[in-house]
Amino acid sequence: MPPLHQGTLPVTPAKGHPSGKVIIALVIGLAIGAFFYFDLGRFLSLAALKDNRDHLLAFTEANYVAAVGLFIVAYVIVTGLSLPGAVILTLAGGFAFGAALGTLFVNLGATTGATLAFLTARYVLRDTVEQKFGKSLRPFQEGFAKNAFSYLLTLRLIPLFPFFVVNLVSGLTRVSAGTYIGATALGIIPGSFVYAYAGRQLGTMNSLKEIASPNVIGAFILLGLLALVPVAYKRFATKPAS
């Protein structure tokens, strides 16, 4: 192969074949459709978690490694397909594995699923979006690329936008996969721990009388403080500098 000389036009990398993108979109669409058609969301509810509490604990104790693997895979699927139920899964993780290990397993599942959603959006949608809106998006792309880690970390720490929206929109930007994964894995730790801790405390209750226990009250206080973070952020971010 002859060497490239100065002035030779660079070779444009081959883009994904359109049929591949269509197949991926169809598979994702069918998976999401099946989730709602078979009403699988009923298994990702607080009522289902409470009704199956004893079975979940018994299975986890008897098959710990399998329980961890199934939990992480379930979290990857829910997050990767942008399905509802991640909050319940996080509560279940804290309930079954404890606050610390639950947070770890949630982080592994959520980060992996978010990365799959990110890469899917990048492969399936980004070329089309750039062809249609490339000029108008260029300033945003450049600004985002310069501060990608900080922007993403803020969006993960402060849930101003839904988790799945950040996953998909990030895939349309020029942020590197490494930066995206790092900011996601780090940024979701506080929120994951709060919900896992709440799930653990709720899981230790044996009667309604225990609702007023210090641990359970502390869990709800943490949830309340987490919900107030976006409000505080908006207030201080819009405050004019003196």
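This is a predicted model: local features need pLDDT of at least 70, side-chain atom pairs count only at pLDDT 80 or more; totals for chains, interfaces and linings use all residues.
T90 sits in helix α5. Is T90 buried or exposed? With a relative accessible area of 5%, T90 counts as buried, because the cut-off for that label is under 20%. Setting aside neighbours within four places in sequence, T90 touches Y75, V106, S192, Y195 and A196. Its C-alpha is also 9.6 Å from that of A110, a residue 20 places away along the chain.

## The nonpolar cores

Now for the greasy part. The largest nonpolar core holds 17 residues, and F71, I72, Y75, F97 and F105 have the most contacts inside it. Helices α4 (64–80), α5 (86–97) and α6 (99–146) each put in at least two residues, with α4 giving the most, at 7.

What does F71 touch, leaving out neighbours within four places in sequence? The list is L89, G93, F97, F105 and V106. So V106 turns up as a contact of both F71 and T90, because each has heavy atoms within 4.5 Å of it.

There's also a second, separate core of 9 residues, with A114, A148, V175 and Y180 among them.

## Helix α1 and what follows

Helix α1 runs over residues 18–37, which makes 20 residues. From first C-alpha to last it reaches 28 Å, close to the 28 Å expected at 1.5 Å a residue. Just after α1, D39 takes a positive phi of about 55 degrees.

How values were computed:
Residues are numbered from 1 along each chain as its sequence is written. Side-chain values use heavy atoms; hydrogens and water are left out. Helices (H or I, at least four residues) and strands (E, at least two) are DSSP runs, numbered from the N terminus. The expected span of a helix is 1.5 Å times one less than its number of residues. A nonpolar core is a set of buried Ala, Val, Leu, Ile, Met, Phe, Trp, Tyr and Cys residues joined through side-chain atoms within 4.5 Å. Buried means under 20% relative accessible area, exposed over 50%, partly exposed in between (1.4 Å probe, protein chains only).
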